[in-house]
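Reader: Please show me the structure. Then we can go through its contacts.

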Amino acid sequence: MADILGPGAKAPDFTLNVTPDQRLSLSEFLGRRVILAFYPADWSPVCGDQMALYNQLLPEFRRLGAELVGVSVDGVWCHQAFAQHRNFHFALMSDFEPKGEVASAYGCYRQQEGVAGRALFVIDEKGVIVWSYLSPLAVNPGADGILDALERMSGPEKADVDSASARNVA
């Protein structure tokens with residue numbers, strides 16, 4: 001597996017399904033900060049704990065002007081069931097077909113296992129990666145790195161992201 005994209009790199013744009021009939025593009029977030037959280041699979045214990053932690057921290061992420069988006073190679077129906085079961089309030093994007101194409105663009109697709117690596121990216125309002133981290137598959141990376149990166153950024157262009165503007169596709 002190649003190295004993940006690092007700070008200073010332009011975040012590759014992409015469009016993926018969030019529901020069977022709804023697609024979302026990274027470019028739709030221009031002007032806002034984005035936390036892009038790649039994870040291996042819905043329903044795995046570590047992934048479930050990681051995404052649940054981020055769901056609990058949504059108010060803090062939004063206070064710091066950031067939107068959260070989860071990405072895995074699971075299909076949209078699996079994402080919908082997972083999000084509904086765990087009561088997630090952020091978009092889960094399906095990097096299903098072509099499998100792992102977006103994870104590959106960010107340098108975190110694990111070809112041998114056929115899953116995205118557990119990679120985190122904080123992207124600024126202009127679409128530039130300001131922080132990235134690749135965690136071992138079996139380790140929940142927590143949120144300290146994300147929060148530190150967001151707090152180090154200069155004042156949010158759009159402080160406290162409006163909850164009404166945040167997509168709740170679960």
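**Contacts in a predicted model**

Author: R110 has a relative accessibility of 23%, so R110 counts as partly exposed. Buried means under 20% relative accessible area, exposed over 50%, and partly exposed in between (1.4 Å probe, protein chains only). This is a predicted model: local features need pLDDT of at least 70, side-chain atom pairs count only at pLDDT 80 or more, and totals for chains, interfaces and linings use all residues. Residues are numbered from 1 along each chain as its sequence is written, and side-chain values use heavy atoms, with hydrogens and water left out.

Reader: How many residues apart in sequence are R33 and E125?

Author: Their side chains meet in a salt bridge, 2.8 Å from N to O. R33 is buried, and E125 is buried too. Helices (H or I, at least four residues) and strands (E, at least two) are DSSP runs, numbered from the N terminus. R33 lies in strand β3 and E125 in the loop between β8 and β9 (129-135), so the pair ties together parts whose separation in sequence is 92 residues.

Reader: What is the distance between the closest N and O atoms of E67 and R32?

Author: Both E67 and R32 are buried. E67 forms a salt bridge with R32, and the closest N and O atoms are apart by 3.5 Å.

Reader: Is D42 buried or exposed, and how far away is the nearest side chain of opposite charge?

Author: D42 sits in the loop between β3 (33-38) and α1 (45-56). Lys and Arg count as positive and Asp and Glu as negative; His and the chain ends are not counted. D42 is buried yet has no salt bridge, and the nearest side chain of opposite charge is R86, at 9.7 Å.

Reader: Which side chain makes a polar contact with the side chain of D42?

Author: A polar contact is a pair of N or O atoms within 3.5 Å; within protein, one must be able to donate a hydrogen and the other to accept it, and residues adjacent in sequence count only if both atoms are side-chain atoms. Contact means heavy atoms within 4.5 Å. Leaving aside neighbours within four places in sequence, D42 is in contact with residues including S72, D74 and F82. At 2.7 Å, the polar partner of D42 is H79.

Reader: How are the rings of Y106 and F121 arranged?

Author: Rings of Phe, Tyr and Trp (its six-membered ring) pair if their centres lie within 6.5 Å; planes under 30 degrees apart count as stacked, over 60 as edge-to-face and the rest as tilted. F14 and Y106 form an aromatic pair, 6.1 Å centre to centre with 80° between the planes. Both F14 and Y106 are buried. For Y106 and F121 the centres are 5.1 Å apart and the planes at 65°, so the pair is edge-to-face.

Reader: Over which residues does pLDDT stay under 50?

Author: pLDDT is the predictor's confidence in each residue, from 0 to 100. The mean pLDDT of the protein chain is 91, and 89% of its residues reach 70 or more. Where pLDDT is low, the predicted coordinates should not be read in detail. pLDDT stays under 50 over residues 157-170.

Notes:
A salt bridge is a side-chain nitrogen of Lys or Arg within 4 Å of a carboxyl oxygen of Asp or Glu.
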